[in-house]
Amino acid sequence: MRITKLTALAAAGLFTLSIAACGSDSDTGGGTEAAAPAPTTMASSAPAMMAGANFGPGCSAVPTDESNPGSFASMAKVPVATAASGNPVLSTLVAAVKQAGLVDSLNTAPDLTVFAPANSAFDKIPAADLKKVLADKKTLTSILTYHVVAGKLTPEQLAGTHKTLEGESLSVEGSGEDFKVDGQSAVVCGNVQTANANVYIIDTVLMPK
């Protein structure tokens, strides 16, 4: 009888320990699920989203319909000369690039930064002078390549002096969302992505020194 009671007590003790252990495992599992790193993942993706944001008052003139070839979404899928050709804000620049025979050169370059004059920038040039420049391929090529820098410059890298494809250097001053190129041309829509370039739309045509 005594042996039977001791055996029963031992079995009960083991059963109790077993239940406690199961309860402990369940609690630990629940704690692990609660500590899933979803918030951390969201936080880490936020800077990347911010880094790709467009900025500037001129961005409001860019089409918002993603199916439109001139929209930011569509421009990001194609190389820079093709991207610009779909954007109504850059139609005069595109005509000049075609006239200079630079479409293929720009589209096939690996990484570029393009300071792209908006149509309003060309409107500042007297019509007779613009017509003369467009008819002179050498001069036109020199002016257009002065607007292009090798490498994709982010807004954080934009300020400073940068050598252009024309051979001379241009300077950019400013920070955040406020930049001026060569002290005269403001960036009106910045950080526009294309497949092979970062584009900064400017309000004044730049001239090599």
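Me: Let's start with the pocket lining. What is its make-up by class?
Reply: By class, the lining of the largest pocket has 20 nonpolar, 4 polar and 1 charged residues. Keep in mind that this is a predicted model.

Me: And what volume does the largest pocket have?
Reply: About 270 Å³.

Me: Which residues lie nearest its centre?
Reply: Ala81, Val97, Leu106, Val114 and Val148. The lining has 25 residues in total.

Me: Which elements supply the lining?
Reply: Helices H4 (80-85), H5 (91-100), H6 (103-108) and H9 (137-145) each give at least two residues, and so does strand E1 (112-117). E1 has the largest share, with 5 residues.

Me: OK, on to the sheet. What is the strand order?
Reply: E2-E1-E7-E6-E5-E4-E3. That is an open sheet of 7 strands with mixed pairing.

Me: Which strands stand at the edges?
Reply: Strand E2 (148-150) and strand E3 (160-163). Each has a single partner strand, so one side of each is left without a neighbour in the sheet.

Me: How much are neighbouring strands turned against each other?
Reply: By 30° on average, direction ignored.

Me: Start at the E2 end. How many bridges join E1 to E2?
Reply: 3 bridges, and the two strands run antiparallel. Val114 has Val148 in E2 as its bridge partner.

Me: What about strand E6, buried or exposed?
Reply: Mostly buried: 8 of the 9 residues of E6 (residues 185-193) are, so the strand is largely enclosed by the rest of the structure.

Me: What does E6 pair with on the E5 side?
Reply: Strand E5 (residues 178-181) pairs with E6 in the antiparallel sense over 2 bridges. Lys180 has Ala186 in E6 as its bridge partner. E5 and E6 form a hairpin with 3 residues between them. In that turn, Asp182 has a positive phi of about 55°.

Me: And how many bridges pair E6 with E7?
Reply: 4 bridges, in the antiparallel sense, with E7 covering residues 197-202. Cys189 stands opposite Ile201 in E7. A hairpin of 3 residues joins these two strands.

Me: Switching to the core. Which residues touch the most other members?
Reply: Leu106, Val114, Leu144 and Ile201, out of 35 residues in the largest nonpolar core.

Me: Which elements supply this core?
Reply: H4, H5, E1, helix H7 (119-123), H9, E6 and E7 each bring at least two residues. The largest share comes from H5, with 5 residues.

Me: Last stop, Thr64. Where is it found?
Reply: Thr64 is in the loop between helix H2 (38-51) and helix H3 (72-75).

Me: Why does Thr64 count as exposed?
Reply: Because its relative accessibility is 75%, and exposed means over 50%.

Me: How far is Thr64 from Ser74?
Reply: Their C-alpha atoms are separated by 9.9 Å. Along the chain, Thr64 and Ser74 are 10 residues apart.

Technical notes:
Residues numbered from 1 in each chain as written. Predicted model: local features only at pLDDT ≥ 70, side-chain atom pairs only at ≥ 80, totals over all residues. Heavy atoms only, no water. 1 Å grid on protein atoms, 1.4 Å probe; cavity = no way out; pocket = protein on both sides within 12 Å on 5 of 7 lines; lining within 4 Å. Points joined across faces, edges and corners; volume = space filled by probe spheres on them. Nonpolar A, V, L, I, M, F, W, Y, C, P; charged D, E, K, R; others polar. Pairing = 2+ DSSP bridges. Axes fitted to C-alpha atoms, helices over the stretch in contact; angles between N-to-C directions. Buried < 20%, exposed > 50% of the residue type's maximum accessible area, 1.4 Å probe, protein only. Core = buried A, V, L, I, M, F, W, Y, C linked by side-chain atoms within 4.5 Å.
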